[in-house]
Amino acid sequence: MAEAQNTPVGSTTAGAIAVAAESTVATRMSAPPSFDVADFPVPHGREEEWRFTPLERLRGLHDGTAVATGDSLKVAVEAPEGVTVELVGRDDARLGRAGTPVDRVAAQAYSAFEQAGVVTVPKETVLTEPIRISVHGQGGVAFGHQVIELGAFAEAVVVIDHTGDVVTAANVEYVLGDGAKLTVVSVQDWDDKAVHVAQHNALVGRDASFKSVVVTFGGDVVRLHPRVSYAGTGGEAELYGLYFTDAGQHQEHRLLVDHNTPHCKSNVAYKGALQGEDAHAVWIGDVLIEAKAEGTDTYEMNRNLVLTDGARVDSVPNLEIETGEIVGAGHASATGRFDDEQLFYLMARGIPQHEARRLVVRGFFAELVQQIGVADIEERLLAKIEEELEASVA
Amino acid sequence: MATLEIRDLHVTVEADNATKEILKGVDLTVKQGETHAIMGPNGSGKSTLAYSLAGHPKYTITGGTVTLDGEDVLEMSVDERARAGLFLAMQYPVEVPGVSVSNFLRTSATAIRGEAPKLRTWVKEVKETMERLSMDPSFAERNVNEGFSGGEKKRHEILQLELLKPKIAILDETDSGLDVDALRIVSEGVNRVRETGEVGTLLITHYTRILRYIKPDFVHVFSAGRIVESGGAELADKLEDEGYEAYTKGGVSA
Ligand SMILES: Nc1ncnc2c1ncn2[C@@H]1O[C@H](COP(=O)(O)OP(=O)(O)OP(=O)(O)O)[C@@H](O)[C@H]1O
Ligand SMILES: [Mg+2]
């Protein structure tokens, strides 16, 4: 794929590997984590965590002016037998265990939601069918909270589909018991005007594996913040993402893997394609290896394919290492234009330009999709990508 | 009968902010059924000729004409040229990540033939052609040229040649990087296509080795951006014995 020197004007692909005595990931935030929105000042846009985000397009999620309207989100959960699906009040003890809101909008969501969804897969339950959660926006403003918990040695695939139009902020928690295996696919297929800001917290148990697949196509502004930490040794996290940013869209994926426990693994791979005037993709990949996390093995990667002029990418991998006793740590980031040689090769075989472009983009994503390892999800994603390409890559 | 006519072709490239003329008046006519070998030293412009005929965007045509059966090739886009019957087997085939060989071949055959080949006959056709080229069936599921060895890339090019059945095939150093076995296998593939009598072949090579397997009707010596001498197969023997020195040390004009 095209390399970094091919970076379109106006884009950044900065990167850093810092060897620090103390994390700067935490100190870069404007306030310490808190469940209470009052603990965060209203952002003005120059804060580290907000500098890429168009605050004026958040429709008030960041400054308290967005107020929940009734019936804005229709949530439907389809779960196989053995799974418990509940709606619980704010004081339920199972909420807030996987992580604490780290910015004002996440805290706003936590302070404003009325009921939380809790989906529980009991210990040692191995599901053969996915749990499907459909989240459909019906206009207005909504704040949400969702917990998905797997007991020890449980195994599940969860597919969350976001469609329709809404302005929403939410926190999603994934709590994995020892040896549990969870794959979550979150598809953001919103209508053009939707605004979606969410923090995802995963707490990965001892020897558990967590796989997250984030797929963002739609929306006016989508800003997701998947975060992982470990509750025991031997945990594994794989964070995959793909996004297709069209004219005028802002799609921001900020990741944090906190290696707070020895002998855990993480692998982050996000790929995006952009096209059209003012398409803006932001990818922040923070990986922190704490002093006590010896034996850590981590790799993070972000690649962007810019299909037209006028699109902008900000890609910032950031790896902080506080111990030298690790197995491996690496990062890569590249943003490039269409590879003319690939196009030429395909066209020299009679394939018309628009079809050749689609093949290249499909191929770019297929490489990532092939890593997901759940066949029907791979197929569905490829079909979805196909649909997106049919509609947009000409 | 298909005829490719190249007349006084001049081509430049942009390099280091300067415009450099690489082809300085190439004249050549290739007819269906004929095989022309173009031989010349490194950097003489052989690949530039091949790429220019295929329409690579890096090369600017500054003069001359190219026609295929009277149709202006230079007016056509890259894909139109291919659909008109031109095929370029590349010296350095390009990797296309995430696109499988089988998908690529079928998409390409559909474009060239104007309709999707019937699945059953197509699968058989691909399988048999791969077998004859000693390509393992697993290649069909691999990504185009990704991780292929030099020899495997060349076989994959000839596989396409056999499947796409062009009117004019330009083979740019298909022999380079091949061991003797691979050279024989690849040459047999080219010969199968030639024996149909339906293709005009422009065989670009640096070495005479491949001409033992693929007998040319005409041999052209290429030097400094033009054809400086033309003859029959015997000219290749002369080059074998004497090398290109006589042509590169100046003094020779076409
Ligand atoms: N895209 C390009 N940009 C800059 N210079 C080029 C480009 N393509 C060709 N050239 C130059 O044009 C000249 C001819 O190159 P070309 O590749 O056509 O030679 P060739 O005869 O095919 O050589 P070889 O036997 O090594 O394959 C060389 O000096 C080369 O450096
Ligand atoms: Mg060459």
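Predicted model: local features only at pLDDT ≥ 70, side-chain atom pairs only at ≥ 80, totals over all residues.
## Domains of chain A

Chain A is assigned two domains: domain 1 covers 2-340 and domain 2 covers 341-394. To the contact, domain 1 of chain A contributes 30 residues and domain 2 of chain A contributes 25 residues. Their C-alpha centres are 25 Å apart. Between them, domain 1 of chain A and domain 2 of chain A bury about 2400 Å², and carbon and sulfur atoms account for 68% of that area.

Twelve residue pairs are in polar contact across the interface of these two domains of chain A, with both residues at pLDDT 80 or more. On the side of domain 1 of chain A that touches domain 2 of chain A, two or more residues each come from strand 7 (155-176), strand 8 (181-188), strand 10 (209-216), strand 12 (236-245), strand 14 (265-274) and strand 16 (297-306) of chain A. By residue type, this side of domain 1 of chain A has 15 nonpolar, six polar and nine charged residues.

Three salt bridges are found across the interface of domain 1 of chain A and domain 2 of chain A. A salt bridge also joins A:Glu367 and A:Lys271, with 2.8 Å between the closest N and O atoms.

## Interface of chains A and B

The contact between the two chains draws 34 residues from chain B and 21 residues from chain A. About 2100 Å² is buried between chain B and chain A, 66% of it on carbon and sulfur atoms.

Two salt bridges are counted between chain B and chain A. A:Glu341 and B:Lys58 pair through their side chains in a salt bridge, at 3.3 Å from N to O. The interface of chain B and chain A also has ten residue pairs in polar contact, both residues being at pLDDT 80 or more. On the side of chain B that touches chain A, at least two residues each are supplied by helix 1 (46-54), helix 2 (78-84), strand 6 (86-89), strand 7 (96-100), helix 3 (101-113) and helix 5 (150-164) of chain B. Helix 3 of chain B gives the most, with six residues. The residues on this side of chain B comprise 19 nonpolar, nine polar and six charged.

Polar atoms of chain B approach both oxygen and nitrogen atoms of the ligand. For B:Asn42, a polar side-chain atom lies 2.9 Å from an oxygen atom of ligand 1. For B:Ser47, a polar backbone atom is 2.8 Å from an oxygen atom of ligand 1. The side chain of B:Tyr59 has an N or O atom 2.9 Å from a nitrogen atom of ligand 1.

## Salt bridges over all chains

Over all chains, the count is 34 salt bridges. Side chains of opposite charge can pair when their charged atoms come close. In chain A, A:Glu252 forms a salt bridge with A:Arg223, and the closest N and O atoms are 3.5 Å apart. A:Glu252 lies in strand 13 (residues 250-259) of chain A and A:Arg223 lies in strand 11 (residues 221-230) of chain A, so this pair ties together parts that are 29 residues apart in sequence.

## The loop holding A:Gly45

A:Gly45 lies in the loop between strand 2 (16-19) and strand 3 (73-78) of chain A. Neighbours within four places in sequence aside, A:Gly45 is in contact with A:Trp50, A:Arg51 and A:Leu55. The C-alpha atoms of A:Gly45 and A:Ile284 are 16 Å apart, while the two residues are 239 residues apart along the chain.

Definitions and conventions. Residues numbered from 1 in each chain as written. Chains lettered and ligands numbered in written order. Heavy atoms only, no water. Domains from an automatic or database assignment. Contact = heavy atoms within 4.5 Å. Buried area = accessible area lost by both parts, 1.4 Å probe. Salt bridge = Lys/Arg side-chain N within 4 Å of Asp/Glu carboxyl O. Polar contact = N/O pair within 3.5 Å; in protein donor to acceptor, adjacent residues only side chain to side chain. Helix = DSSP H or I, 4+ residues; strand = E, 2+ residues; numbered from the N terminus. Nonpolar A, V, L, I, M, F, W, Y, C, P; charged D, E, K, R; others polar.
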